[in-house]
Amino acid sequence: MDVIDSPLLIGRDHRRTQQFLLFAVAVSIGASAFSSISLIPGVPFVWQFVYVLVAVAFGGAMINAYLNDGLFVSTLIAIALPVGWVLTAILAIGLGAFGYNSYVQAGIVLLIITAFSLGGGIGAFIVGAAADAS
């Protein structure tokens, strides 16, 4: 059995895996759009809605683990959120619109967020797989 056919890593159903990977892309694009909107000076404080994106990402990771058993896909869904933020931050720093002075400062902050998302994705997989087992 090779890695591609491993249901623990990729999932039992390849079609459902593709659907959840498209969901991860949508979460990443949504996070990037949300982060871009929050950088506009005239827009009121909208960062309290970040919890909705976090709930959607981690909820999707748990649903993937419950329906499809894919650890790799569940962590990709959780990591899609900071990937969108990273892409927006890189663009914003390049345009001079971000509050960080250098790529190093922004990179450290975003690396910490990504590490928490990776742990959250693994935790979401454990919760979803445990719910599937019961």
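Student: Which helix of the protein chain has the lowest confidence, and which the highest?
Tutor: Confidence is lowest in helix H4 (residues 103-133), at a mean of 78, and highest in helix H1 (residues 14-38), at 86. The score here is pLDDT, the predictor's confidence in each residue, from 0 to 100. This is a predicted model, where local features need pLDDT of at least 70, side-chain atom pairs count only at pLDDT 80 or more, and totals for chains, interfaces and linings use all residues. Residues are numbered from 1 along each chain as its sequence is written, and side-chain values use heavy atoms, with hydrogens and water left out.

Student: What is the average for the protein chain?
Tutor: The average pLDDT is 79, and 86% of the residues score at least 70.

Student: What makes a stretch count as a helix?
Tutor: A helix is a DSSP run of H or I with at least four residues, a strand is a run of E with at least two, and both are numbered from the N terminus. On that basis, the protein chain has four helices and zero strands, giving the pattern α-α-α-α along the sequence.

Student: Why is Ser117 called buried?
Tutor: Buried means under 20% relative accessible area, exposed over 50%, and partly exposed in between (1.4 Å probe, protein chains only). Ser117 has a relative accessible area of 6%, so Ser117 is buried. Ser117 sits in helix H4. Across the protein chain, 34% of the 134 residues count as buried.

Student: Which residues does Ser117 touch?
Tutor: Leaving aside residues up to four places away in sequence, Ser117 touches Phe58, Ala78, Ile79 and Pro82. A contact means heavy atoms within 4.5 Å.
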